[in-house]
Amino acid sequence: MCMFSIGSKCLRFKPMIERGGYFQTQGLQGGKTLAYLEKKVGLLDVLAKKLRCEYLSQLRKTKLRMTLKEALVEIDPLDYGISEWNDAIQYITDEKIIFENVKQAKEYFLAQLEKMSDLLKK
């Protein structure tokens, strides 16, 4: 099955589309070319996918705290902007704390998840 064609050439883009990106045609001196534009997936979405959550709200469940922490350890803090980290921390911990450094934000997030998990064990 041809996903997209230019002239007689059949182009198969399904794997790229499944990653969440999309294609856009761009004019190039009267001709048309395709450019693949990667759609950046948010930190909360990535965590939800790693934990196989159907909804973001499932990330807030207490039984997932240690699993969430394990998933977070694998993430490079530089892969996301500071607003993504601040939003994720606020959403999961219900704490409105603003960080200016992604590494500090990740360290704090991990520490909070650890603290929350310890409280559950008691």
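This is a predicted model: local features need pLDDT of at least 70, side-chain atom pairs count only at pLDDT 80 or more; totals for chains, interfaces and linings use all residues.
## A walk around helix α4

Residues are numbered from 1 along each chain as its sequence is written, and side-chain values use heavy atoms, leaving out hydrogens and water.

Start with the cartoon view. You'll see 5 helices and 4 strands (DSSP runs numbered from the N terminus: helices are H or I with at least four residues, strands are E with at least two). Along the sequence they run β-β-α-β-β-α-α-α-α.

Now select residues 82-93, which make up α4. Then pick out its buried residues: W85, N86, A88, I89, I92 and T93. They sit on the same side of α4, because they cover an arc of only 165 degrees around the axis (taken from the directions from the helix axis to the C-beta atoms). Step just past α4 to D94, which takes a positive phi of about 60 degrees.

Next, go back to W85 and show what surrounds it. Leaving aside neighbours within four places in sequence, its contacts (heavy atoms within 4.5 Å) include L43, L72, I75, P77 and F109.

Last stop: the largest nonpolar core, with 25 residues (buried Ala, Val, Leu, Ile, Met, Phe, Trp, Tyr and Cys joined through side-chain atoms within 4.5 Å). Select L47, L59, L72, I75, W85 and F109, the residues with the most contacts inside it. Finally, colour α5 (102-121), the source of the largest share of this core, 6 residues.

Key: The expected span of a helix is 1.5 Å times one less than its number of residues. Buried means under 20% relative accessible area, exposed over 50%, partly exposed in between (1.4 Å probe, protein chains only).
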